[in-house]
Amino acid sequence: MSKLEVKLGGLKLKNPIILASGTCNFGQEFSQFFPLCKLGGLALKGTTLLPRAGNPPPRVAEVYGGILNSVGLQNPGFAEFANIHLPALASCGCALIANIAGSTEQEYIELARLASDCPIDAIELNISCPNVKEGGVSFGRDAIAVANIVGKVRAACSLPLIVKLSPNTADIAENALAAQEQGADIISLVNTFEAMAIDCRTKKPILGNVTGGLSGPAIKPIALRMVWQVYNKVSIPIIGIGGIASTADVLEFLLAGASAVQIGTASLIDPMLPVQIAEELAQYAIDEGLTNISELTGALEV
Amino acid sequence: MKQKKAKIISNTKIAQDTFELVIELDEIVKIQAGQFAMLSVGQQEGIILKRPLSIHDYKDNIVTFIYTTRGRGTLALSRQEQGEIEVILPLGKGFPKLEQDAKVVLLGGGMGVFPLYSICKCNPQARFYSYLGFRSLEQVCTVERFQKSSAHCVVATDDGSMGKQGFITDILACGLDKLKPDIILACGPVPMFVALKKIIGNIPAYISMEERMACGFGACLVCACATKNGYVRTCTEGPVFNIAEVEL
């Protein structure tokens, strides 16, 4: 077993670096820069049962140390995902994670059932998108809502189930615990923070959707705190997400309790960064005399 | 497309709020007229995204951009006089390749004027009729380059401080019947495209759209352009579109 290989329950990754859902589309754009087999995994674009047009532009605004987006789950729908995008990734050599998003309980259940029959390695339950009016984050708002949807999806899902949590909640650790109790295999956190940007010259919001989700280095300290809190509450593995832009950032998330990480915003800016980080992590493991990188998970000295 | 480090050769002010950036790449990159690049603008001010800039001119491994300072990002870029810059290029679908002796109208408005010059460089076999609109004399630049490569070049300013007074599409409209171009290639603000669509009749026209971008290479889906087929990515399916496809 290589020093970077990690096992998150039934999900095996050759290294702990995953491209985050919503920032890597269906992987092909990144394969123009590097072979996808260099990654631990790809969390593919959030997919709904039917195609979704997404929100009106502008969909992005830059703020200090971060960006706001309001894409609104634009995606071609599950049929095109399964028939066109997944086959194109057939021999890509990294773990494939389908990110599913619904507007109703029934849609989530149907998506989980359909995705369970696909050649993928795990399903990520997106109950945390802040940019859609119906569904999305409303399923992840509190522990009762999380327990309800995770329980129903679990029954329909035969693959490792990752539950992606929203930070826009009172107590994220309670939500994580609710997900674990209902059979989630892995928790991923966090999705973006509900936020807003205004152009004072035009007196208008910058985003067409008025509000959007904040990501990037600006959210990293909050995401780290949340991973730490969740790690202290649950026993299932955690995938840390939120503003990761360097190898040091990855190490911090591992120390806080993550077993793997997802990189999003930073890979949009520097598409080669995930590969560079994976290489630096391997060197770090050698330099530090680690048998496996997972030795760092939760190794924070408090 | 490739991500690379480039050397800044020069980054100089050539008109009000307008800069010409020349960079040197470590290898020759094949560029199509109308394509763009993503450029790092300096993280020292908390600016993390690269900025999309259209290519104005290129020769071998030297690429020239002309941009206007409109926000924090372009302002930060304008202060970078030397050193290295990270670029991803060439990006997007550019203007169609032109036929031998094609009669081509180039229509540019404001900073939309500058990317059109790449069309002249890529298609020396075509005959160009350039219509260039600026707000005022202070913003006018690069006109002599278009004059050299065009059979005819008209300049207009909104306030009449240079060339003809008025909107450049109105001036084009007056001469269009007589000129009978084979194709119109345009870059500028959306209201200019709306005006253009009303006057072209059956003449084919391609326009270069602008939208806020994050990655520039198709992964994030933020630069949505509304078309007859729904939202598509300005960075990948565009930035150049047939005017008939775009919902203006």
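**Figure 1. His85(A) sits in helix H2 of chain A, a stretch that runs over residues 78-88.** This view, like the others here, comes from a predicted model. His85(A) is buried, as 20 other C-beta atoms lie within 10 Å of its own, and the cut-off for calling a residue buried is 20 or more. Leaving aside residues up to four places away in sequence, His85(A) touches Phe26(A) and Glu80(A). For a sense of scale, pick out Leu254(A) as well: 169 residues separate it from His85(A) in sequence, and the two C-alpha atoms are 31 Å apart in space.

**Figure 2. Helix H7 of chain A, residues 247-256, with its buried residues.** Leu254(A) turns up again here, as one of the buried residues of H7(A).

**Figure 3. Helix H5 of chain A, residues 172-181, is largely enclosed by the rest of the structure.** The reason is a simple tally: 8 of the 10 residues of H5(A) are buried, so the helix is largely enclosed. The buried set has Ile172(A), Ala173(A), Asn175(A) and Ala176(A), and then Leu177(A), Ala178(A), Ala179(A) and Gln180(A). An α-helix has 3.6 residues a turn, so residues three or four places apart point the same way. The cover over the buried residues of H5(A) includes helix H4 (143-156) and helix H6 (220-231) of chain A, along with strands S9 (161-164) and S10 (186-189). After H5(A) you'll find Gly183(A), whose phi is positive and near 100 degrees.

**Figure 4. Chain A as a whole, with 9 helices and 16 strands.** Chain A has a radius of gyration of 18 Å, close to the 19 Å that the globule rule gives for 302 residues, so it is as compact as a globular protein of that length. Its C-alpha trace spans about 55 × 45 × 40 Å along the principal axes. Buried residues account for 59% of the 302 in chain A. Take the contacts in chain A with a separation of 6 or more: 71% of them come from residues 24 or more positions apart.

**Figure 5. Where chain A meets chain B, 26 residues of chain A and 20 residues of chain B take part.** Sorted by class, the side of chain B that touches chain A has 13 nonpolar, 4 polar and 3 charged residues.

**Figure 6. Strand S12 of chain B, residues 205-208, is covered on both faces.** In a regular strand the side chains alternate between the two faces of the sheet. Here, Ala205(B) and Ile207(B) are buried on one side, and Tyr206(B) and Ser208(B) are buried on the other. Which strands pair with S12(B)? One is S11(B), residues 183-187, which pairs with S12(B) in the parallel sense over 4 bridges. Within that pairing, Leu185(B) stands opposite Tyr206(B). To get from S11(B) to S12(B), the chain crosses through helix H5(B), residues 190-199, in a right-handed β-α-β crossover. The other partner is S15(B), residues 240-242, which runs antiparallel to S12(B) and is joined to it by 3 bridges. Ser208(B) has Val240(B) as its bridge partner in S15(B).

**Figure 7. Domains 2 and 3 of chain B, where 9 residues of domain 2 are in contact with 7 residues of domain 3.** H5 and S12 of chain B are the elements that each give two or more residues to the domain 2 side of this contact. H5(B) supplies the largest share of that side, with 5 residues. By class, the domain 2 side has 7 nonpolar, 1 polar and 1 charged residues. For orientation, domain 1 covers 2-91, domain 2 covers 103-208 and domain 3 covers 210-248. The C-alpha centres of domains 2 and 3 of chain B lie 22 Å apart.

**Figure 8. Chain B as a whole, with 5 helices and 15 strands.** A compact globule of 248 residues would have a radius of gyration near 18 Å, and the 17 Å of chain B agrees with that. The C-alpha trace of chain B spans about 50 × 40 × 30 Å along its principal axes. Of the 248 residues in chain B, 46% are buried.

Conventions
Residues numbered from 1 in each chain as written. Chains lettered and ligands numbered in written order. Predicted model: local features only at pLDDT ≥ 70, side-chain atom pairs only at ≥ 80, totals over all residues. Buried ≥ 20, exposed ≤ 12 C-beta atoms within 10 Å, placed from the backbone. Pairing = 2+ DSSP bridges. Right-handed = clockwise from strand over helix to strand, strands pointing away. Domains from an automatic or database assignment. Contact = placed C-beta atoms within 7 Å. Nonpolar A, V, L, I, M, F, W, Y, C, P; charged D, E, K, R; others polar. Rg over C-alpha atoms; globule rule 2.2 N^0.38 Å.
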